[in-house]
Amino acid sequence: MQRRYITVDVFTDRAFGGNQLAVVLDAGGLTTAQMQRIATEFNYSETTFVLPPRDKANDAEVRIFTPVREMPFAGHPNIGTSFVLASLAKEPKPRLLFEEKAGLVPVDIFREQGRVVSTELTAPQPLSRLAQLSAEDVAACISLSADDIRTDRHAPQVVGVGTPFVVAEVRSRDALKRARSDAAAFGRLLPRDGAVSVWFYTRDVPAAEAPSEIQARMFMRGAGGYAEDPATGSATVAAAALFADLDPVRDGELKLTVGQGFDMGRPSLLLTRVRKQDGKIISAHVGGSCVQMMEGTFKLAGEG
């Protein structure tokens with residue numbers, strides 16, 4: 001059986017920027033083990049597999065795999081998969097509904113002159129604020145000193161809106177650039193409350209990196225050890241929800257533009273917004289643009 005796939009660069013409007021994603025469109029009949037091996041073969045930070053929805057009211061079941069494990073929810077896979085499906089659709093829809101391990105994920109589709117230009121997801125779960133971590137432990141994971149970690153706004157903490165991450169603030173753009181992953185320190189600290197990755201950021205952003213209001217990086221476990229991710233939508237939207245939770249604003253919409261991947265040569269822009277009412281978060285969103293890169297088919301050995 002020939003299975004079709006399309007690759008896209010996500011959270012960018014230019015080729016070879018953003019975060020790579022492979023979308024397998026004909027995933028019916030694949031086992032979980034086969035999906036994992038295919039994701040490992042692509043070796044992108046994530047690969048998605050599109051299946052018929054379990055509930056016909058929804059548009060698809062989407063399973064998300066890194067090279068080493070399945071994810072209950074992730075940001076750039078939803079943005080990229082929705083971009084691909086909306087671009088292929090014969091009848092345009094303003095919203096797609098994806099069934100995922102973390103729950104139902106709505107993704108809004110934005111078009112200009114009939115062409116899909118961006119998509120935006122709504123996080124499937126409310127903000128979870130879990131374990132707080134020491135500046136020393138988190139700094140060790142990213143090869144910085146405890147003095148490089150800023151804790152006056154919030155302590156390093158595990159947070160999530162579908163998938164948990166460690167979120168920490170560093171003091172300067174220079175510290176962000178100097179960071180390197182330390183596998184031994186990661187092994188001592190994580191996993192913690194389900195988090196296996198560290199997303200860290202700074203508000204010290206030079207004018208040349210506008211319109212980013214903060215710059216971020218994310219270290220995660222990959223097939224060959226700890227790797228860097230050029231754009232992490234699920235961590236970004238969780239961090240945006242954390243910032244909104246800490247903000248004294250009780251009602252309204254808080255927006256934030258996040259840059260990531262700049263230090264990897266794959267600049268990404270992630271647009272977040274969090275809605276609050278009566279001091280509580282109602283919904284958290286992240287979106288951005290995509291560029292289609294490649295398409296093709298593959299046939300697994302042993303399949304008819």
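**A cavity, a helix and a buried phenylalanine**

Let's start with the lining of the largest cavity. Helix H2 (75-88), strand E12 (164-170), strand E14 (214-222) and helix H6 (233-246) each give it at least two residues. Keep in mind that this is a predicted model.

How many cavities of 30 Å³ or more does the structure hold? One. The space inside the largest cavity is about 170 Å³. Its lining takes 24 residues, and the closest to the centre are Glu46, Met71, Ser197, Met218 and Met220. What classes make up that lining? There are 10 nonpolar residues, 10 polar ones and four charged ones.

Now to H2, one of the elements in that lining. H2 runs for 14 residues. From first C-alpha to last it reaches 20 Å, close to the 20 Å expected at 1.5 Å a residue. Is H2 mostly covered or mostly open? Mostly covered: 11 of its 14 residues are buried. Among them are Gly75, His76 and Pro77 at one end of the list, and Phe83, Val84 and Ala86 at the other.

Next, Phe186. You'll find Phe186 in helix H5, residues 183-189. Buried or exposed? Phe186 has a relative accessible area of 0%, so it counts as buried, the cut-off being under 20%.

Which residues does Phe186 touch, leaving aside those up to four places away in sequence? Cys141, Ser181, Val196, Ser197, Val198, Phe219 and Tyr226.

One last distance. Leu96 sits 90 residues from Phe186 along the chain, and their C-alpha atoms are 36 Å apart.

Notes: Residues are numbered from 1 along each chain as its sequence is written. This is a predicted model: local features need pLDDT of at least 70, side-chain atom pairs count only at pLDDT 80 or more; totals for chains, interfaces and linings use all residues. Side-chain values use heavy atoms; hydrogens and water are left out. On a 1 Å grid over the protein atoms alone, a cavity is a set of points where a 1.4 Å probe fits but cannot get out, and a pocket is an open set with protein on both sides within 12 Å along at least five of seven lines; lining residues have an atom within 4 Å of a point. Grid points are joined across faces, edges and corners, and a volume is the space filled by probe spheres set on the points. Helices (H or I, at least four residues) and strands (E, at least two) are DSSP runs, numbered from the N terminus. Ala, Val, Leu, Ile, Met, Phe, Trp, Tyr, Cys and Pro count as nonpolar, Asp, Glu, Lys and Arg as charged, and the others, Gly among them, as polar. The expected span of a helix is 1.5 Å times one less than its number of residues. Buried means under 20% relative accessible area, exposed over 50%, partly exposed in between (1.4 Å probe, protein chains only). Contact means heavy atoms within 4.5 Å.
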